[in-house]
Amino acid sequence: MLNNDGEKTAYFANNDRLDFRMENIRYYANEMTNDYYVDQDIAYIFVKVRNENRYVVTLIDTDDLEKVKMIGYTWHYAQGIGEPYIVNTIVNKNGERKRVYLHRVVNDCPEDRVVDHINILL
């Protein structure tokens, strides 16, 4: 999952996530743009809430920070039906898009497995 050679992170220029025309896709650099700070063994990542003007903070082990940063672009807080998740979008060389979930990256979870985790809201 973390082998994203040649893949770039992207967003939809007109904010319509159903508009997959190439002219609507914008690519970002391969660097994570979220602000974060490290305090001993914990990395605090500031994550924007999609379509809102607010942020949440997610905590990960400092040991996992480099692999999270390798994904690139910006991690977002996305609330769909059910639990919220911290997500990113990867676009490969063929223009195919896939969502990447922070909890799966941190746990090096293969695509055929499920991560059993708990979201804690403070």
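Visitor: Let's start with Tyr 85. Is Tyr 85 buried, partly exposed or exposed?

Guide: In this predicted model, Tyr 85 is partly exposed. Its relative accessible area is 28%, and partly exposed covers what lies between under 20% for buried and over 50% for exposed, which is why Tyr 85 gets that label.

Visitor: Where does Tyr 85 lie?

Guide: Tyr 85 lies in strand 7.

Visitor: And what does Tyr 85 touch?

Guide: Leaving out residues up to four places away in sequence, Tyr 85 touches His 76, Tyr 77, Ala 78, Tyr 101, His 103 and His 117.

Visitor: OK, pick His 103 from that list. Where is the place of His 103, and is His 103 buried or exposed?

Guide: You'll find His 103 in helix 2, residues 102-106. His 103 is buried, with a relative accessible area of 17%.

Visitor: Which residues does His 103 touch?

Guide: Tyr 85, Val 115 and His 117, again not counting residues up to four places away in sequence.

Visitor: How far apart are the C-alpha atoms of Tyr 85 and Leu 102?

Guide: They are separated by 7.7 Å, and the two residues are 17 residues apart along the chain.

Visitor: What is Leu 102 in contact with?

Guide: Setting aside neighbours within four places in sequence, Leu 102 is in contact with Thr 58, Ile 60, Val 68, Trp 75 and Ile 86.

Visitor: Now the core. Which residues in the largest nonpolar core touch the most other members?

Guide: That core has 18 residues, and the ones touching the most other members are Ile 60, Val 68, Trp 75, Ile 86 and Leu 102. Strand 4, strand 5, helix 1 (65-71), strand 7 (84-91) and helix 2 are the elements that give two or more residues to this core. Strand 4 gives the most, with four residues.

Visitor: New topic: Lys 67. Where does Lys 67 lie, and does Lys 67 count as buried or exposed?

Guide: Lys 67 lies in helix 1. With 16% relative accessibility, Lys 67 counts as buried.

Visitor: What does the side chain of Lys 67 reach?

Guide: The backbone oxygen of Val 106, at 3.3 Å. The side chain of Lys 67 is also joined to that of Asp 108 by a polar contact of 3.0 Å.

Visitor: Take Val 57. Where is Val 57 found, and is Val 57 buried, partly exposed or exposed?

Guide: Val 57 is found in strand 5. Val 57 is partly exposed, at 42% relative accessible area.

Visitor: Zoom out. How many helices and strands does the chain have?

Guide: Two helices and eight strands. From the N terminus on, the elements run β-β-β-β-β-α-β-β-β-α.

Visitor: What percentage of the residues count as buried?

Guide: Of the chain's 122 residues, 39% count as buried. The chain exposes about 8,300 Å², and carbon and sulfur atoms supply 47% of that.

How values were computed:
Residues numbered from 1 in each chain as written. Predicted model: local features only at pLDDT ≥ 70, side-chain atom pairs only at ≥ 80, totals over all residues. Heavy atoms only, no water. Buried < 20%, exposed > 50% of the residue type's maximum accessible area, 1.4 Å probe, protein only. Contact = heavy atoms within 4.5 Å. Core = buried A, V, L, I, M, F, W, Y, C linked by side-chain atoms within 4.5 Å. Polar contact = N/O pair within 3.5 Å; in protein donor to acceptor, adjacent residues only side chain to side chain. Areas by Shrake-Rupley, 256 points an atom, 1.4 Å probe, with all protein chains shown as cover.
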